[in-house]
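The tour goes stop by stop.

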Amino acid sequence: MIDETATETRVRAKVNRTFVRAPIVVGTVLLIAAIGFTLAGDDLSFFPFLLMLVGGWCFGFAFVNVTLGMVPARNGAILHLGVAIVLGAVLVLMVEFGGDLLDGFPEAVRGVAVVLQLAGIPATGWIWLGLLSRVTDLFARRDAKKKPLPVTPDWEREEGGDGSIVRFPAIELRMRTLTQAIVGIVVVVGLLGVALLVGLDDIVMRMGPRIAIVLMGIVLGLPVYLLFMAILRRGTAQCAVAFGNDELRVRVGDQLHTIPFRRLEFLRWRCRSDYARIEVRGAGVDLSLFVGLATPPRGFSAELPALPRRVYRRLELAGLIVEKARRGEVVTFRSASEPASRAPAH
């Protein structure tokens with residue numbers, strides 16, 4: 001087992017609270033409210049239906065984050081696969097035979113079962129999307145063995161400067177905006193999917209619920225995902241980050257931002273994954289540049305290189321507190337006046 005420092009343990013606990021426990025609590029509250037509306041006689045109107053969809057998605061979101069954070073990663077993948085198969089089978093069985101199975105139960109029990117069944121659709125969908133991401137990553141690693149691995153952008157000596165520079169394409173995007181967009185897409189696609197299933201009831205019954213659900217994922221989910229990524233990547237800009245002796249220089253397109261280390265309030269540097277990014281605040285600058293979502297140049301990976309040791313020394317001498325998470329892949333520097341609660345390491 002890998003030993004963690006007190007800071008890493010504290011940051012991991014913060015991540016678990018933000019991306020696991022909080023969604024579970026929110027999902028539970030939403031589903032309880034949806035059950036209350038259903039038992040009160042509300043026959044699946046828009047508001048309780050929305051509560052079911054978002055509440056179910058919260059549970060799927062929390063579960064995927066739990067499996068992604070498991071160590072070793074193999075255990076998380078096995079758990080993810082097992083739960084995805086079980087939930088998919090249960091959902092198909094409930095769609096095909098749920099009515100017959102629940103006929104002998106009281107109306108209140110049938111109402112709760114309907115809420116859980118509808119909430120299970122976005123939860124299972126999100127879990128399967130996460131599994132698809134794992135499979136895609138597995139094939140990417142297998143293909144990488146057959147061809148040269150993409151190279152991570154590296155630090156270069158800055159010409160005419162006093163430090164090192166790294167250049168990369170990135171999308172100016174905040175984590176909160178990305179999360180809100182994902183939630184909105186899940187809700188809209190879920191509503192459209194259910195509306196189509198209801199509107200095409202005769203066709204669905206002829207082809208079978210299982211095939212209908214798969215087709216909905218292909219017809220609605222995949223195009224929306226591709227469209228969403230295309231829209232995001234339209235905002236890609238050529239960026240550069242340079243650490244001098246006493247200042248940080250960030251270039252986004254043609255705009256250059258210079259932040260003295262003594263005025264730097266917050267800096268997050270995440271090297272890998274779709275969430276690879278740099279966040280920086282201070283001296284009137286507030287930037288969040290996503291590298292992991294941008295299309296990298298041919299032969300390069302959508303990643304950031306590790307920070308040089310001299311950067312750690314310079315920033316610590318400037319009075320900044322350093323925190324590391326996810327085995328050092330996420331490094332956060334913050335001033336003493338910057339509360340840690342504002343800096344979830346995700």
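Buried means under 20% relative accessible area, exposed means over 50%, and partly exposed lies in between (1.4 Å probe, protein chains only). This is a predicted model, with residues numbered from 1 along each chain as its sequence is written. Local features need pLDDT of at least 70, side-chain atom pairs count only at pLDDT 80 or more, totals for chains, interfaces and linings use all residues, and side-chain values use heavy atoms, with hydrogens and water left out.

**Colour by confidence**

Start with pLDDT, the predictor's confidence in each residue, from 0 to 100. The chain averages 80, and 79% of the residues score at least 70. Now select residues 341-345, where the pLDDT is below 50. Beyond near neighbours in sequence, this stretch has 15 contacts in the model (contact: heavy atoms within 4.5 Å). Where pLDDT is low, the predicted coordinates should not be read in detail.

**Salt bridges**

Next, the charged pairs. A salt bridge is a side-chain nitrogen of Lys or Arg within 4 Å of a carboxyl oxygen of Asp or Glu. By this rule the model has six salt bridges.

Select Arg174 and Asp286. Their side chains meet in a salt bridge, 3.2 Å from N to O. The pair links distant parts of the chain, 112 residues apart. Arg174 sits in the loop between E2 and helix H5 (175-199), while Asp286 belongs to strand E8. Helices (H or I, at least four residues) and strands (E, at least two) are DSSP runs, numbered from the N terminus. Is this pair buried or partly exposed? Arg174 is partly exposed, at 39% relative accessible area. Asp286 is partly exposed too, at 38%.

Move to Arg277 and Glu279. Here the closest N and O atoms of the salt bridge are 2.5 Å apart. Arg277 is buried, because its relative accessible area is 1%. Glu279 is buried as well, with 12%.

Then pick Glu323 and Arg334. The closest N and O atoms of this salt bridge lie 3.1 Å apart. Glu323 is in strand E9 and Arg334 in strand E10, eleven residues apart, and the pair links distant parts of the chain. Both Glu323 and Arg334 are buried. For Glu323, the relative accessible area is 5%.

**Helix H8**

Select residues 309-317. What is buried in this helix? Arg310, Val311, Tyr312 and Leu315 are. Show the surroundings next. The cover over the buried residues of H8 includes strand E2 (164-172), strand E3 (236-243), E6, strand E9 (321-325) and strand E10 (330-334). Step past the helix to Gly319: H8 is followed by this residue, whose phi is positive, near 95°.

Most residues other than glycine have a negative phi, and most peptide bonds are trans.

Select Ser273. Its phi is positive, about 80°, although Ser273 is not a glycine. Where does Ser273 lie? Look in the loop between strand E6 (264-270) and strand E7 (277-282). Ser273 counts as partly exposed, at 34% relative accessibility.

Finish at Ala283, which is not a glycine either and has a positive phi of about 55°. Ala283 is placed in the loop between E7 and strand E8 (285-290). With a relative accessible area of 25%, Ala283 is partly exposed.
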